[in-house]
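The sequence and the structure are shown first.

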Amino acid sequence: MPLRYVPAGQFQSEHTDFITTLSFSPKGNFLAAGGLDGRLTIWSTETASLLHVVEGHRHNPASFLSLEWVPPGENHIICGLEGGTVISVTFDTDLSVTGYKAHSLHLPVEHLALSAIARGTVATGAQNEVRLWNIVGEQWNIISELQQPPTVGINEGSEEIITSLQFAETKYADHTLLVSYMHHGLIFWDVATSERKHFMSIKTLSGHTSLSPDYKYLAVSNLRTGFDLYQLETGEPWGCLRQAINTSLRVPVKYIHSGFAVMGGSTSGQLNIWDFSTRKILQTLTHHDCDKILAIDAHVNTGTTGGDLFMIAAGVSQIGSGESSVQLWRAVEIDACKGVSAGQVATPPPRELHRKVDI
């Protein structure tokens, strides 16, 4: 039976500036969100309760710009911050935070990627620097720093700005790191040798990219007209998903539902889900018109009681309001959601006591 997403909880009043990154834990039991206010919040997706807060220095907080859960457990997160810093956060009976200098002091670590091909391999991206690491326990060992992208006529004189990092298996290398740039296209790196294997031209300014689970297609959030789809192996355009964009903000894009759908962030409160094959909108998750949705994630739990559980999270912010929240959505069968407005805002249950640590 067809599914429709309905509001399942709103996590609010903990972030006072834009939410820039969020992610479900590997089994979907937790959701972590980081923002420009220098806070990392960790929530229970079942109860919508706040469990932990990690906060930067009170007088000069460092913005949280990227985060990744470290599988297979659900108690370890790594986060990229301003000032070239990466922190490791673990929580169970105690909340522990360890920091590392991964890049130059003036560079923000906006991008992180964990390899599913070689456990312990991590890529960090800070403006124009890309570094590969091997993590053993709490020890970060640098593998290599990758070279700058090539300059061609179309991007000559343009600033080198990384917009995404993703690991994949490609025809160029079994273990490939894909580095996308705003002006300099997509670079394929062989992780084993740290050699540049291929360059793929992207016709528009790239704000963010997402790789399909089968490594065959790339979705590009362009800074002009919405989202573009490419065949990864050939570099040929495969289609466009049109959406109004505010060119001053980079909007995220993500393949969901095992690659059968694409979800895009928004600068106008409309979180669209497209069918990948037909490129038609399946559903619009409606927020307020002035909301900026600059962080998104999706998760599916298979084999749960009552069937598969599909969830979407959106980091919702308003310019100048001083408030941001995370809206959680769950998919239900269409017959079960009659009378429920797609734009309805759910009220979360009372919060439980949570633990807070300053860094």
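The sections below describe the model from its overall make-up to individual residues.

## Basis of the model

This is a predicted model, in which local features need pLDDT of at least 70 and side-chain atom pairs count only at pLDDT 80 or more, while totals for chains, interfaces and linings use all residues. Residues are numbered from 1 along each chain as its sequence is written, and side-chain values use heavy atoms, with hydrogens and water left out.

The predictor's confidence in each residue is expressed as pLDDT, on a scale from 0 to 100. The mean pLDDT of the protein is 88, and 87% of its residues reach 70 or more. Over residues 339-353, however, pLDDT stays under 50. The model has 33 contacts beyond four places in sequence for this stretch, a contact being heavy atoms within 4.5 Å. Where pLDDT is low, the predicted coordinates should not be read in detail.

## Overall composition

The protein has 29 strands and zero helices. Both kinds of element are DSSP runs numbered from the N terminus: helices are H or I runs of at least four residues, and strands are E runs of at least two.

Of the 359 residues in the protein, 53% are buried. Buried denotes a relative accessible area under 20%, exposed over 50%, and partly exposed in between, with a 1.4 Å probe and protein chains only. The protein exposes about 15,800 Å², of which carbon and sulfur atoms supply 49%; the areas come from the Shrake-Rupley method with a 1.4 Å probe, and for residues only the protein chains shown count as cover. Among contacts in the protein with a separation of 6 or more, 50% are between residues 24 or more positions apart.

## Strand pairing

Strands are said to pair if DSSP finds at least two bridges between them. Strand β26 (residues 292-301) has 10 residues, and eight of them are buried, so this strand is largely enclosed by the rest of the structure. Nine bridges join β26 to strand β27 (residues 309-317), and the two run antiparallel. Valine 300 has phenylalanine 310 in β27 as its bridge partner.

Strands β10 (residues 111-114) and β11 (residues 121-126) also pair in the antiparallel sense, over four bridges. Here alanine 113 stands opposite alanine 123 in β11. The hairpin has six residues between its strands, and in it glycine 120 takes a positive phi near 95 degrees.

## The largest nonpolar core

A nonpolar core is a set of buried Ala, Val, Leu, Ile, Met, Phe, Trp, Tyr and Cys residues joined through side-chain atoms within 4.5 Å. The largest one has 16 residues, and Leu40, Trp69, Ile77 and Cys79 touch the most other members. Two or more residues of this core come from each of β3 (30-35), β4 (39-44), β5 (50-55), β6 (64-69), β7 (76-81) and β8 (85-91). In soluble globular proteins, nonpolar side chains tend to be buried together.

Beyond residues up to four places away in sequence, leucine 40 touches a set of residues including Ala32, Val54, Phe64, Cys79 and Val89. Threonine 41 is found in strand β4 and is buried, with a relative accessible area of 0%. Its C-alpha atom is separated by 8.2 Å from that of leucine 31, 10 residues apart along the chain. Not counting residues up to four places away, threonine 41 touches residues among them Glu14, His15, Leu31 and Leu50.

## Cysteines

The structure holds zero disulfides, a disulfide being a pair of cysteine sulfur atoms within 2.5 Å. Cysteine 79 is buried at 0% relative accessibility, whereas cysteine 240 is partly exposed, with a relative accessible area of 38%.

## Loops and backbone geometry

Threonine 170 is found in the loop between β14 (162-168) and β15 (176-181). This threonine is buried, with a relative accessible area of 15%. Leaving aside neighbours within four places in sequence, threonine 170 is in contact with Thr176, Phe188 and Leu232.

Most residues other than glycine have a negative phi, and most peptide bonds are trans. A cis peptide bond joins proline 71 and proline 72, with omega about 10 degrees; proline 72 is found in the loop between β6 and β7. Serine 194, in the loop between β16 (186-190) and β17 (195-200), has a positive phi near 60 degrees and is partly exposed at 24%. Histidine 257, in the loop between β22 (253-256) and β23 (261-264), has a positive phi near 55 degrees and is partly exposed at 30%.
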